[in-house]
Amino acid sequence: MEFKLEAHRIVSISLGKIYNSRVQRGGIKLHKNLLVSLVLRSARQVYLSDPCLGAPGAGGPPQSPPPQQQQQPAGDPTSGWGEALPRDSSMEQDPEPAGASSAASELPALPLALGKRPPEGSPPPRAEAVPEAPRRRVEAAEAERGGGGEGAPEGPPRARHCCCRRLGCPPHGAPRADCGCRQRQDDGAPPPPVCPRKRSASGAGGGPAGCLASGGSPVKKPRRDSEEQPGEEEEMETGNVANLITIFGSSFSGLLRKTPGGGREDEDGEEEESPRGAEAEEPGPMYCDKPVLRNLNPWSTAIVAF
Amino acid sequence: MWLNQERSTDILFLFGYTADIISTVEFNHSGELLATGDKGGRVVIFQQEQENKTQTHSRGEYNVYSTFQSHEPEFDYLKSLEIEEKINKIRWLPQKNAAQFLLSTNDKTIKLWKISERDKRPEGYNLKEEDGRYRDPTTVTTLRVPVFRPMDLMVEASPRRIFANAHTYHINSISINSDYETYLSADDLRINLWHLEITDRSFNIVDIKPANMEELTEVITAAEFHPNSCNTFVYSSSKGTIRLCDMRASALCDRHSKLFEEPEDPSNRSFFSEIISSISDVKFSHSGRYMMTRDYLSVKIWDLNMENRPVETYQVHEYLRSKLCSLYENDCIFDKFECCWNGSDSVVMTGSYNNFFRMFDRNTKRDITLEASRENNKPRTVLKPRKVCASGKRKKDEISVDSLDFNKKILHTAWHPKENIIAVATTNNLYIFQDKVN
């Protein structure tokens, strides 16, 4: 259990560092952010594999949030979310029980904020729901399912071993759906169903931004759609880290330029390193006023603005 | 000699200089000049006094010789990024004439500076007064030949070349080739080859940028030319590997000739294993037979003929291994320590925290920890060795790990190429030590 707490703490700290790196002088330091992202990945893996999660096996849990949450994203009418939620079906097909209701309950925080809906019917967001963690957990879980129940976009079963060490790819598990090691699925970045925010239609970064808030790595699709995407390559932004970085606004047409990444939200108000003070876009009453969602609000606000 | 334990360490504190945060320190090839760069973009050069015949117990002291602003802050409007003026590296060119040349670089731009002395000036112009005003030609009745007269020494620094716009990422290294005509500059993902005379183009020789940036797993952390082979250079990575490349093999040296990597000790695995294996500095020995790498906790010496493991490993501050999480939180784990060889390649030196620096004698296998601080050292006093107590009972004069000051770090050190004089930079101060000459 203490590993999980430690891992979570490290994830929080790491996200804070990535945020801070965005606002420091001289621009984002690629080396440091790469190292931080590696730590993030390690911590995430520990977090996922910790049996205290209550999930059946490592990395098992979070791919299928409880049904009420499934409905939410499925029905999410969030305007501007260009893509449907292909995952929804996969979610329902998922044979694995939402064992880690605790873990899974982190997920609803995202659609809740996204959908701007009252979070009724959804379990209270978890205190330590780092937005990134659930996203990755979902992906790992999906990946580990070996494609079964993944839904169409995932295609044939993936190779069991990820040949790359990208953030988000568990080294000994099946790679992420969007792992570059295998044939990329062009039609779908593998956004977990519970994070429709990811699909920012404008793709101007709201996607990635939101995506990162919900967990980072699988923001490829929106990023591809983003008109800033081509320009990003030469802008000192790595992929893994870029996902984390784009959220922090460099490609987000300036709207969220100074807003934090919504990186952390500890319900219990655990001290976070960064973004709170910098939040410029406190949304307002339309959102669930759970403290956990406070940090996610800037994204929603921006998305609304789009 | 230097680290003989039979007698106390005879290292004198000679000199202290307070500056903006020092970011690089480098002796020139003769050791007469010592250049420092700081966070404010300034370069300060010290010159060793000529040996005083009456004072035979020490070599000359270093005094300020020249100060100039090398880089200014810039703003990249396209990316809305400020470019720091901090000097990341200074490298001296070998002296070819009366003037001295050095390369200084910030994150994006390299500059070649000429430092020249002027100690004479022409006097006796016919058409100009001594203060520069022009004389009325009608008042000139006789002609004279202007002559040079001595004047107070003036040291001028002028930028001769500016090598810009070649790096998308942050420059971390520059290294001058042994041909003295070309040099390399390395950023996180690419290494470029320049000719010292040509500023409008450079040649890309290493590019590790993946087609899809999401697949990025490592970056370049340091690069250096071999001291003797003008076709050979090495670059280190954030994964703890060093690649040796031969420019004769192909134009783009993405494929290494040699790969130096030590397998990781699985018992030391932690969240932070990857960070602490990242190499922060790589330096060839003067002989060119060995190279030294510095990662967070250790210094490793590699024989260029053996790729699978280093020939020597020295632990700099192993007691920090159990503190990695705290060091991650306070960002200290990202500190990039440099390392250096002495002139004969028998001793290596690197910095640590609490203003400690460490020397390792490769022959005797002895090591020593010293502290650079004004409180403890008056000029010309002998430095006392320090010891950190990792655990258990702390002996007298030992310092416990928990009382180390992690804000006082020595990242930059330099060793005189010929003599036992070292320059050690704390955050704001430059210290110069030499061993006692009896």
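Predicted model: local features only at pLDDT ≥ 70, side-chain atom pairs only at ≥ 80, totals over all residues.

Residues are numbered from 1 along each chain as its sequence is written, chains are lettered from A and ligands numbered from 1 in the order in which they are written, and side-chain values use heavy atoms, with hydrogens and water left out.

Helices (H or I, at least four residues) and strands (E, at least two) are DSSP runs, numbered from the N terminus, and two strands pair if DSSP finds at least two bridges between them. In chain B, four strands in the order β16-β17-β18-β19 make up an open sheet of 4 strands with antiparallel pairing. Tyr235(B) has Arg243(B) of β18(B) opposite to it.

Strand β26 (residues 356–361) of chain B is largely enclosed by the rest of the structure, because 6 of its 6 residues are buried (under 20% relative accessible area; exposed is over 50%, partly exposed in between, with a 1.4 Å probe and protein chains only). One face of β26(B) carries Phe356(B), Arg358(B) and Phe360(B), the other Phe357(B), Met359(B) and Asp361(B), and all are buried. An antiparallel neighbour, β25 (residues 347–351) of chain B, is joined to β26(B) by 5 bridges, and Val348(B) has Phe360(B) as its bridge partner. These two strands form a hairpin with 4 residues between them, where Asn354(B) in the turn has a positive phi of about 60 degrees. Another 5 bridges join β26(B) to the antiparallel strand β27 (residues 367–371) of chain B, with Arg358(B) opposite Thr369(B). In that hairpin, which has 5 residues between the strands, Lys365(B) takes a positive phi near 65 degrees.

A pocket is an open set of points on a 1 Å grid over the protein atoms alone, where a 1.4 Å probe fits and protein lies on both sides within 12 Å along at least five of seven lines; lining residues have an atom within 4 Å of a point. The largest pocket has a volume of about 1400 Å³, and its lining has 47 residues, of which Lys29(A), Lys86(B), Phe334(B), Lys336(B) and Leu411(B) lie nearest its centre. The helix α2(A) gives the most to this lining, with 4 residues.

Rings of Phe, Tyr and Trp (its six-membered ring) pair if their centres lie within 6.5 Å; planes under 30 degrees apart count as stacked, over 60 as edge-to-face and the rest as tilted. There are 18 aromatic pairs over all chains. Tyr183(B) and Trp194(B) are stacked, at 6.1 Å centre to centre and 5 degrees between the planes. Both Tyr183(B) and Trp194(B) are buried. The rings of Phe337(B) and Tyr353(B) have centres 5.3 Å apart and planes at 90 degrees, so this pair is edge-to-face. Phe337(B) is buried at 0% relative accessibility, and Tyr353(B) is buried with a relative accessible area of 1%.

How values were computed:
Points joined across faces, edges and corners; volume = space filled by probe spheres on them.
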